[in-house]
Amino acid sequence: MAATEDAVRPPALPWTVRVQLAAFSLAHRRDGSIRRLFCSLADLHVAAKRRPDASGVRSADVTVDASRGLWARVFSPSSAADAPLPVVVFFHGGGFSLFSAASRPYDALCRRLCSGLGAVVVSVNYRLAPEHRFPAAYDDGVDVLRYLDANGLPADLAVPADLSSCFLAGDSAGGNIAHHVAQRWTAAVPSSSPAASLRLAGVILIQPFFGGEERTEAEVALDKVCATLSMGATDAYWREFLPEGATRDHAAARVCGEGVELAEAFPPAMVAVGGLDLLKGWQTRYVEALRGKGKHVRVVEYPEAFHGFHAFPELPDSGKLVDDMKLFVDEHRCM
């Protein structure tokens, strides 16, 4: 039975997290629409750094298609590895409308993933809505995979990388993009194809952003409880991303039910679900849809986690997520 709003209480959070959440809440008006000027001013960017940081991670930007501003930031360990490292292609969240691969929180997160997973991380700077609606972000994701398949990773990486152990990952809207890019790639390039050097070994969806016209029990119960998201905000994001006039039952949003198309070669999936995330009902339906199609899915749950918890390294669940991701990568990578 779903908990009522009065029965749900968020956990105590460190003051540093509370301050950041309070600042993020200013990004949306009461109706959920985005304050774009505030967001553009608050979204601090950092440059790539070829010199290793304290954890031994370096980064460099790679242009994929200058004509549309498509590029990626590549994070790699600075010391040589005993064997080629898996590759994680990462899509940042932000409702398809906010942030970039250079945004400070995502640069920091990808550095943590690079170090914690022992992987080369490729963070995709895809085009944003509303200037670039569906399917622009999906097209950009597929084209980054094509670029890697044709050109490989930068030649000056200090470590060898294995594109036959390539994972897609993303949080929130980035998780949505990871699913659709995986579906497109595996439908067009079967895993057994000798023509492709890039093989998708798995897809990791961190609190993925799915939805529909129907309101789930979690959306109703957690609308005023989830510290970083509301139904008004999710509705606004969908209005800016989906084709004009489309409803939230569009195939980009509603990825559940019998009508979901999944390629035979769709890879094993890991889905991270937060107990205080109002999107968890849709995430559960997504898992059921994959399992209904015979796909391998590993669900990891964090009962006290709100939407976007992983961006805060102060939270124990954030570190646990990285550990869970490493277990998944190690299980499914080619050895």
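The largest pocket of this structure holds about 930 Å³ of space. The model is predicted: local features need pLDDT of at least 70, side-chain atom pairs count only at pLDDT 80 or more, and totals for chains, interfaces and linings use all residues. Residues are numbered from 1 along each chain as its sequence is written, and side-chain values use heavy atoms, with hydrogens and water left out.

**Largest pocket**
- A pocket is an open set of points on a 1 Å grid over the protein atoms alone, where a 1.4 Å probe fits, with protein on both sides within 12 Å along at least five of seven lines.
- The lining comprises 35 residues, and those nearest the centre are Phe24, Phe99, Pro105, Ala311 and Phe312; lining residues have an atom within 4 Å of a point.
- Two or more lining residues come from each of α1 (15–25), α2 (36–42) and α3 (104–117).
- Helix α3 supplies the largest share, six residues; helices are DSSP runs (H or I, at least four residues) numbered from the N terminus.

**Helix α5**
- This helix spans residues 173–188, 16 residues in total, and reaches 23 Å from its first C-alpha to its last, close to the expected 22 Å.
- The expected span is 1.5 Å times one less than the number of residues.
- Of the 16 residues in α5, 13 are buried, that is, under 20% relative accessible area (1.4 Å probe, protein chains only).

**Cysteines**
- The count of disulfides (pairs of cysteine sulfur atoms within 2.5 Å) is zero.
- Cys110 is in no disulfide, and the nearest cysteine sulfur, that of Cys114, is 9.1 Å away.
- Cys110 is buried, with a relative accessible area of 0%.
- Cys39 is also buried, at 12%.

Key: Points joined across faces, edges and corners; volume = space filled by probe spheres on them. Buried < 20%, exposed > 50% of the residue type's maximum accessible area, 1.4 Å probe, protein only.
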